[in-house]
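This report considers selected local features of one protein model. The sequence and the structure are shown below.

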Amino acid sequence: MARTRRWPALAVLTLALVVTGACGGSGSDETGEGPPSDQACPVDALDSASGPTEVVLWYQLNGKAAETLEKMVGQYNASQDRVRVRAELQGSSYDELLNAYEQAIPSGQLPDLLVAEDTATQFLIDSGTVLPAQSCFDADGLSTDGFVPAAVNHYSVDGALWPGSVSVSDLLTYYNANHLRRAGLDPADPPQTLDDVRAMAESIKAAGVTDTPVVLLMDSWLVETQLTGSKQSIVDNDNGYGDGETTEATFDTDTTRTVFDWIDSMTDEGLLLPVQATPGNFDHYFAMAAQKASITIETSVASTTIQEVLGGRAVAGAPGPDEIDRSGLDIAAAPVFGVDAAGKAQIGGNGFWMTTAGTDAEKAGTWDLIKWWNAEPQQVQWHVEGSYLPFLTAAAESPDIRAFWDTTLAGGFLRIAYEEFASGVDPDFSGALIGPYDEFRASMRDALASVAFQDGDPSTAIATARDETTEAITRYNDAEF
């Protein structure tokens, strides 16, 4: 599906200051309607490099995923002597990472590789600062056929895959099975719908197990998942994936109102503890760990971190072993609950974006790392230790992954996540493509916060977020040369 976007003013500045080092040249095509996806990729440039080539990688991850990324970068460095990768943590959230990247564009002090959330796709392409990985696949004679089709489609524009690798995740329901048992509920029958969650929360509260049985981060993906899983668009123009121009928000729907009304009533009745969606806020994790809540929603990437914490190991960004009483914690996972059914999901995670800022050797070194990362042993490790679902289709059939699923707590959680991804994500409707995605999410967070913390009217909050998003899209479209 073709997707065309006029470049914003930021791209003009980028072209002047940054892209001078891009291989094969960079800039708009003759119509000024976007960066070309057929830029040459210097895959052989390491052959003529003198000495090791340094590649800088920027990322933002927490818990076991961050530890695993750093560990795997070290393994790559030890596996060969032509490239040295330096991984640098940028902030405590994807928003902070993207802000750091935007601020670095005018000076050209960009990393060679950016591990950025999927929501940054349209902005990164329009910025003119990233090289389409498709050009590297083509130059190296490699195909993308072996990767998960839904992920390839999600990150492809005009038939070209832009990030060189993809870390896939989705959302799961996590719950304390011990709390359900104490309330007379069957922990083998987790909640499927919003109504199920309410009924369970009422039983848990009535049994005196917890005062506020449900804890949820008031983040935009709470609504996005329900809309995407129900094949309802967030914006027009085929959810941003069409041939025309995206012009307005479309998420003011019955589904969105159902979610907001549910949050409003659950909070009013003391069944839901809302948590502010601010960078680095893990209060919902702490509420579950301290047994002040029984049910939450979070990314599948939390699986290995949960396993490590329950095993008494300290993990950065998670409650420490001395901060929790593990004796009453029996954490289980299930497909994410929804408005009318469980397991409806959208693609989450991140892409590995090659930037245009470096020399040919640095681009070639970045591509070499990506090829290594996409190989089956590394895809297995990224799943088993880092909790990301395999991008390489064959990795999911690996005996190591199958054994991991069968024998470990985290593996059992991730089997659920992979099956949810395989059956609950439509390859042709996996999420929205929005230029000012960060502004959309900020408006949605504000809307959720106004209802959860300020007793705001749900319909008014949704309408405000809709209007703000449409205005943001208009500004984005008008910022052109």
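Leaving aside residues up to four places away in sequence, which residues does Glu224 touch? In this predicted model, Glu224 touches Ile234, Gln346, Tyr437, Phe440 and Arg441.

Glu224 belongs to helix α9, which comprises residues 221-229. Its relative accessibility is 1%, and because buried means under 20%, Glu224 counts as buried. The side chain of Glu224 takes part in polar contacts with the side chains of Ser220 and Gln346. Gln346 is also among the residues that Glu224 touches.

| Atoms or groups paired | Distance |
|---|---|
| Side chain of Glu224 and side chain of Ser220 | 2.5 Å |
| Side chain of Glu224 and side chain of Gln346 | 3.2 Å |

**Helix α17**

Helix α17 spans residues 409-424, 16 residues in total. From its first C-alpha to its last it reaches 22 Å, close to the 22 Å expected at 1.5 Å a residue. Gly411 is itself buried. The other buried residues of α17 include Ala410, Phe413, Leu414, Ala417, Tyr418, Glu420 and Phe421.

**Thr464**

Thr464 is found in helix α19, residues 458-478. With a relative accessibility of 38%, Thr464 counts as partly exposed. Thr464 and Asp252 are separated by 212 residues in sequence, while their C-alpha atoms are 9.6 Å apart in space.

Notes: Residues are numbered from 1 along each chain as its sequence is written. This is a predicted model: local features need pLDDT of at least 70, side-chain atom pairs count only at pLDDT 80 or more; totals for chains, interfaces and linings use all residues. Side-chain values use heavy atoms; hydrogens and water are left out. Helices (H or I, at least four residues) and strands (E, at least two) are DSSP runs, numbered from the N terminus. Buried means under 20% relative accessible area, exposed over 50%, partly exposed in between (1.4 Å probe, protein chains only). The expected span of a helix is 1.5 Å times one less than its number of residues. A polar contact is a pair of N or O atoms within 3.5 Å; within protein, one must be able to donate a hydrogen and the other to accept it, and residues adjacent in sequence count only if both atoms are side-chain atoms. Contact means heavy atoms within 4.5 Å.
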